[in-house]
Amino acid sequence: MPAWLADTNAYIVANESGGLAVVVDAPPDPERVGAVVAEHGLAVAGILLTHGHVDHSGGSGALAASTGASVHVHPDDDFLTLHPAEQLAAMFGMTPPGSYDLPSCFESLAHGQVLDLAGLSFEVRHTPGHTPGHCCFLLADQETLFSGDQLFAGSVGRTDLPRGSWDDLLVSMREQVMTLDDGVRVLPGHGPETTIGRERRSNPFAASWEAAST
Ligand SMILES: [Zn+2]
Ligand SMILES: [Zn+2]
């Protein structure tokens, strides 16, 4: 569901209604996520954050408080994740409506780790570039990638924000994303879903990441 001012997608992943769920990204209006969770009788076991930008992480504290779920993010984004107020000041010069409380603790993600939550296995792929701690999450069983702000339908994440790196983003794309099969479904942090194959064929930045050197 697209949520908050930035139309950030939050994904609620579960094997079945009435069971456990994982939430991927927590925009600062977590009550909307909570409403869908309640509608399907789900219990949230974990919250995975693709990166520390406030539109993806701001609601994680409130959602964790209301569900008891653990919150997972890569420590290279601590300079963002732990400082939502500074991000809001830089973005808006004020604090827009939303929830920005931090969870009591964050669990650290590491590249290559497999997180077993709610009966689902998420492989963590560290994809620096948009931010230094950005991660994509691969649900291998379902051939589905949660791509955050690394890859969008027809575009890629911006790298002009603090500690962004265009070179790193291209290497992440070549080494960690485009190694996946064409049929893999891609669920991005903004906008509609796509597939690896479609982006390999038609993304305007494909030539750039193919030429990226490691
Ligand atoms: Zn972002
Ligand atoms: Zn975003």
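**Sheet and zinc site**

User: Happy to start with the sheet: which residue in S7 is the bridge partner of His72?

Analyst: Good place to begin, and do note that this model is predicted. Strand S6 covers residues 70-73 and pairs with S7 in the parallel sense over two bridges. In S7, the bridge partner of His72 is Glu107.

User: Which strands stand at the edges of the sheet?

Analyst: The open sheet has five strands with mixed pairing, in the order S3-S4-S5-S6-S7. An edge strand has a single partner, so one of its sides is left without a neighbour in the sheet. That describes S3 (11-14) and S7 (107-108).

User: At about what angle does helix H3 run to S5?

Analyst: Helix H3 spans residues 60-67 and lies across S4, S5 and S6. Relative to S5 (43-48), H3 runs at about 155 degrees.

User: Thanks! What is the arrangement of the four donor atoms around the zinc ion (ligand 1)?

Analyst: The donors come from His51 (NE2), His53 (ND1), His130 (NE2) and Asp149 (OD), at 2.1 to 2.4 Å. A tetrahedral set would need all angles between 85 and 135 degrees. Here the angles are 89 to 173 degrees, which makes the arrangement irregular.

User: How many residues apart in sequence are the parts that His51 and His130 tie together?

Analyst: Along the chain, the donors of this zinc ion (ligand 1) follow the spacing H-x1-H-x76-H-x18-D. His51 sits in the loop between S5 and helix H2, and His130 in the loop between S9 and S10, so the pair ties together parts whose separation in sequence is 79 residues.

Methods
Residues numbered from 1 in each chain as written. Chains lettered and ligands numbered in written order. Predicted model: local features only at pLDDT ≥ 70, side-chain atom pairs only at ≥ 80, totals over all residues. Heavy atoms only, no water. Pairing = 2+ DSSP bridges. Helix = DSSP H or I, 4+ residues; strand = E, 2+ residues; numbered from the N terminus. Contact = heavy atoms within 4.5 Å. Axes fitted to C-alpha atoms, helices over the stretch in contact; angles between N-to-C directions. Donors = N, O, S within 2.8 Å, 3.2 Å for Na, K, Ca; no water. Tetrahedral: all angles 85-135°; square planar, octahedral: opposite > 155°, others 65-115°.
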